[in-house]
Amino acid sequence: NMAESRDIAEYLYSKYALWTPPNELLRSLSNIITPLLAPLYKVIAPLQAGSYRENEFEYTSDIAEAKAEIYDAISSRPVVIYTYEYSPFCSEAVALLKSTGIN
C-alpha cells in the first residue's frame, strides 16, 4: 500500500534523518568522485533508463513491463527501495532501513 510506504518513509525521516549525521567519509568521497564521473553518468543514464530503443513498440513494451514489476513489488512488500549499487547514498539508505529491522 502506497500510503503505508509513505508513512514508513515519513517516520524514518522524522526519527533518523534529523538525528543521524551523514557519513562524512561518504560525503567527502562523493564530492570528489561525482564531478569526475559526471560525463560517464550522462552516457549511461539513458542506457539504464532504456531510452536507447529505436523501436517505439519495444520501448513502450519495456516501460509497461517495468511498471508491472514495480506495481508487483510495491503491492507485495511493506517497504520498497530502488538503489544504484555504486551509490554511497543508496548504501547508507539501505543500512538505515536494515538498522530499523526492515530488510
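Visitor: What share of the contacts in the protein chain between residues at least 6 apart in sequence join residues at least 24 apart?

Guide: The share is 50%, where contact means heavy atoms within 4.5 Å. This is a predicted model in which local features need pLDDT of at least 70, side-chain atom pairs count only at pLDDT 80 or more, and totals for chains, interfaces and linings use all residues. Residues are numbered from 1 along each chain as its sequence is written, and side-chain values use heavy atoms, with hydrogens and water left out.

Visitor: Why is Ser-30 called buried?

Guide: Buried means under 20% relative accessible area, exposed over 50%, and partly exposed in between (1.4 Å probe, protein chains only). Ser-30 has a relative accessible area of 11%, under the 20% limit, so Ser-30 is buried.

Visitor: What does Ser-30 contact, leaving aside its neighbours within four places in sequence?

Guide: Ser-30 is in contact with Pro-35 and Phe-89. Ser-30 itself belongs to helix α2, residues 24–49; helices (H or I, at least four residues) and strands (E, at least two) are DSSP runs, numbered from the N terminus.

Visitor: Why does Ala-93 count as partly exposed?

Guide: Its relative accessibility is 26%, which falls between 20% and 50%, so Ala-93 is partly exposed. Ala-93 lies in helix α4, residues 88–99. From C-alpha to C-alpha, Ala-93 and Ile-81 are 8.8 Å apart in space, and 12 residues apart in sequence.

Visitor: How many helices and strands does the protein chain have?

Guide: The protein chain has four helices and zero strands, in the pattern α-α-α-α along the sequence. Of its 103 residues, 8% are buried.
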